[in-house]
Amino acid sequence: FVERLAINQLEQVARLPGVVMPDLHPSDHYPIGAAIESEECIYPVLIGGDVGCGMALFQTTLSSSTRPKRICDKLQGIEGRWKDGSVSEWLAKNGISGSSSTPFDESLGTIGGGNHFAEIQQVERVEDPESFSALGLHEDKLVLLVHSGSRGLGKHIAHSQPVQLRENTAEFDAYMQQHNYACNWARTNRDLIAHRIMACLSSDPDASASKVLDIWHNNVTNKEIDSRSVWLHRKGAAPSDQGAVVIPGSRGSFSYLVMPVGDQRENSFSLAHGAGRSLTRGVALSRMKNKASTVNAAAAALQETRLGGRVICEDVNLLFEEAPEAYKDVDVVVGELVGCGIIKVVAVYRPVVTYK
């Protein structure tokens with residue numbers, strides 16, 4: 001199922017000058033879940049305000065038998081600014097110069113709102129043992145999946161941009177410099193989120209989690225396609241030319257670790273980055289509250305999922321907006337990608353604790 005409004009928005013994008021045209025749903029102006037190629041120009045509006053948003057998967061040393069309640073108890077109250085270290089030193093350690101610091105650096109290490117999350121997961125089943133092992137994954141250990149971006153920095157960069165930027169102009173070069181900075185900042189943000197969470201769960205956070213993959217799904221990159229130099233915009237679309245990808249559902253459904261197969265040309269070297277919304281945030285909020293006998297009772301019910309997972313979220317409205325019912329069926333999304341012959345499933349993960 002793809003909403004008519006999303007199709008309309010995609011058609012509008014296809015009519016933009018220079019544009020040569022899975023999980024698709026509408027946003028304010030441009031569709032989410034799209035990969036768009038353009039020649040000799042880029043469109044910052046197609047990337048959106050959360051430049052560099054993406055997902056990172058970490059293999060932890062935590063046993064898969066660890067009880068969800070124990071994890072929840074240890075993770076309570078970590079929302080807010082990181083106070084246990086130096087943000088500038090963390091950025092510098094990750095190759096981001098302290099001289100380029102911004103007013104937004106204080107939010108480094110925070111997840112943010114919307115559909116962003118950090119989730120502890122356990123293996124439900126392994127479908128491709130060889131690929132699973134090659135990625136350094138272990139069936140008896142938990143993984144941590146972090147979905148976050150560049151926070152206020154990306155919004156600041158996007159705010160003053162024109163719709164179109166032409167190659168070989170000062171404005172183009174200035175935007176790409178900011179874009180690349182935000183992408184690196186967002187990746188570093190995911191690393192710090194993982195560090196903060198593992199610091200709550202282990203006495204040696206850096207040794208207890210190793211990164212398996214980290215991809216951006218909101219960015220633009222130059223790529224040679226069919227002997228042409230194109231700018232590939234991804235807005236809520238995972239790259240399929242960089243190895244394994246995680247396609248999560250909602251907090252109440254499984255996540256899929258997949259490997260791209262085939263030449264990937266037909267799908268512009270991109271995959272769905274998640275299940276995609278079936279209800280807007282406003283509709284989900286209204287519908288969930290109207291169904292509830294009391295708001296508090298409904299919020300409490302949403303802190304446990306049908307798969308036995310726990311949810312930590314201090315924002316009641318966000319609990320409703322991000323309810324599993326607000327999302328499409330990730331099993332169907334992944335099934336379509338498998339049916340198209342562009343991915344194979346490596347493993348399926350069950351949510352244990354979701355932090356929002």
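**Close-up views of a predicted model**

**View 1. The largest nonpolar core.** The largest nonpolar core holds 23 residues, and those with the most contacts inside it are I71, L75, I120, L144, I197, L201 and V353. At least two residues of this core come from each of β3 (54–63), α3 (68–75), β4 (117–126), β5 (141–148), α7 and β15 (343–355). Helix α7 gives the most, with five residues. A nonpolar core is a set of buried Ala, Val, Leu, Ile, Met, Phe, Trp, Tyr and Cys residues joined through side-chain atoms within 4.5 Å; buried means under 20% relative accessible area, exposed over 50%, and partly exposed in between (1.4 Å probe, protein chains only). Helices (H or I, at least four residues) and strands (E, at least two) are DSSP runs numbered from the N terminus. The model is predicted: local features need pLDDT of at least 70, side-chain atom pairs count only at pLDDT 80 or more, and totals for chains, interfaces and linings use all residues. Residues are numbered from 1 along each chain as its sequence is written, and side-chain values use heavy atoms, with hydrogens and water left out.

**View 2. Surroundings of L75.** Leaving aside neighbours within four places in sequence, L75 is in contact (heavy atoms within 4.5 Å) with I197, C200, L201, I312, V353 and Y355.

View 3. Three strands form an open, antiparallel sheet in the order β1-β9-β8; strands pair if DSSP finds at least two bridges between them. The edge strands, each pairing on one side only, are β1 (34–38) and β8 (218–225). The twist averages 25° from one strand to the next. Eight bridges join β8 to β9 (residues 228–235), and S229 in β9 is the bridge partner of E224. Helix α7 (residues 170–201) lies across β8 and β9, at about 115° to β8; axes are lines fitted to C-alpha atoms, for helices over the stretch in contact, and angles run from 0 to 180 degrees between N-to-C directions.

View 4. A118 is in strand β4 and counts as buried because its relative accessibility is 2%. S255 is in strand β12 (residues 255–260) and is buried, with a relative accessible area of 1%. The side chains of S255 and Q121 make a polar contact (3.1 Å), that is, a pair of N or O atoms within 3.5 Å; within protein, one must be able to donate a hydrogen and the other to accept it, and residues adjacent in sequence count only if both atoms are side-chain atoms.
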